[in-house]
Structure formats: C-alpha cells, structure tokens
Amino acid sequence: QVHLVESGGGLVQAGGSLRLSCAASGRAFSSYAVGWFRQAPGKEREFVAALTWTGRTAYADSVKGRFTITRDNLKNTMSLQMNSVKPEDTAVYYCAAGLGGDNRQSYDYWGQGTQVTVSS
C-alpha cells in the first residue's frame, strides 16, 4: 500500500514556473513507476509525465520541453517542475504510482490532487 500527498499547487502567471511535490508513504515506493496526471473542469483526466523505477521518462506532447518529472527514492518523494506555464495548463494535478506509462488504468495509487491555476 502506498499513500501519496501532493503539495505546491497555486496561482501562477503565464510564462512563470511552479514546482509540484508528492510525498509517498508505504512500502517499496522505489519499486513503482510514478506519474503525474491532470484534470481540467469538464475534461477527462489526462497523462502529463511518467518516470519508471529505472529512470526512463515520458511526457505528453503538450508539456514536452517545459515540464520535468523527478523522484528521490531515499526521501520517498517525486516532483513535477513546471516551466513556461500556459493558461491551458490550469487543472487539478494528481501524482500516481503503479506500473507506469500514459494510461491512468496502470496506476494503483493516487494522491488527492492539487490545484494549479495559470493566469493570462
């Protein structure tokens, strides 16, 4: 069982930066792949970024080159560095742990979400 708690969301101006963090508790966090998803009002939850336990990364085309996913297995944390944010990045962001990839069905554990709002 893995328990995830996000932090770091808030209001940011377009072009600015924000760093989301996710603290994990539970056994064997380092053996899971981790990912970030987001959900805007009235839309499906969508893939943002993923990181395997071996260090391989994957990003949605919409955030590639702007967002960076990292993890620290010693501290049981993961992060999403968001640079050059755009109003369309506004959403609730969720961290997740599981098998990995861009399919949310592949993740077993989810955080409660943190709101990110980008003003134009």
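Good morning. C95 is buried, at a relative accessible area of 0%. That residue is my starting point, in what is a predicted model.

To what is C95 joined? Its partner is C22, through a disulfide with an S to S distance of 2.1 Å. This link is the one disulfide that the structure holds. As for its geometry, the link of C22 and C95 is right-handed, with 55 degrees about the S-S bond. C22 belongs to strand β3, residues 18-26, while C95 belongs to strand β9, residues 91-98, so the pair ties together parts that are 73 residues apart in sequence. C22 is also buried, with a relative accessible area of 1%. A disulfide is, in general, a covalent bond between the sulfur atoms of two cysteines.

I turn now to the charged side chains. How many salt bridges does a search of the whole structure find? The search finds five. I shall begin with those of R38. The side chain of R38 meets that of E46 in a salt bridge, at 2.7 Å from N to O. A salt bridge also brings together the side chains of R38 and D89, here at 2.9 Å, N to O. R38 sits in strand β4, residues 33-39, and D89 in the loop between β8, residues 77-82, and β9, so this pair ties together parts that are 51 residues apart in sequence.

Are R38 and D89 buried or exposed? Both are buried, and for R38 the relative accessible area is 5%. E46, by contrast, is partly exposed, with a value of 36%.

Another of the salt bridges is formed by the side chains of D61 and K64, at 3.1 Å, N to O. Here both residues, D61 and K64, are exposed.

My last topic is N103. Where is N103 found? N103 is in the loop between β9 and β10, the latter being residues 107-110. With 38% relative accessibility, N103 counts as partly exposed. A polar atom of the N103 side chain lies 2.8 Å from the backbone nitrogen of Q105.

Terms used. Residues numbered from 1 in each chain as written. Predicted model: local features only at pLDDT ≥ 70, side-chain atom pairs only at ≥ 80, totals over all residues. Heavy atoms only, no water. Disulfide = S-S within 2.5 Å. Helix = DSSP H or I, 4+ residues; strand = E, 2+ residues; numbered from the N terminus. Buried < 20%, exposed > 50% of the residue type's maximum accessible area, 1.4 Å probe, protein only. Polar contact = N/O pair within 3.5 Å; in protein donor to acceptor, adjacent residues only side chain to side chain. Salt bridge = Lys/Arg side-chain N within 4 Å of Asp/Glu carboxyl O.
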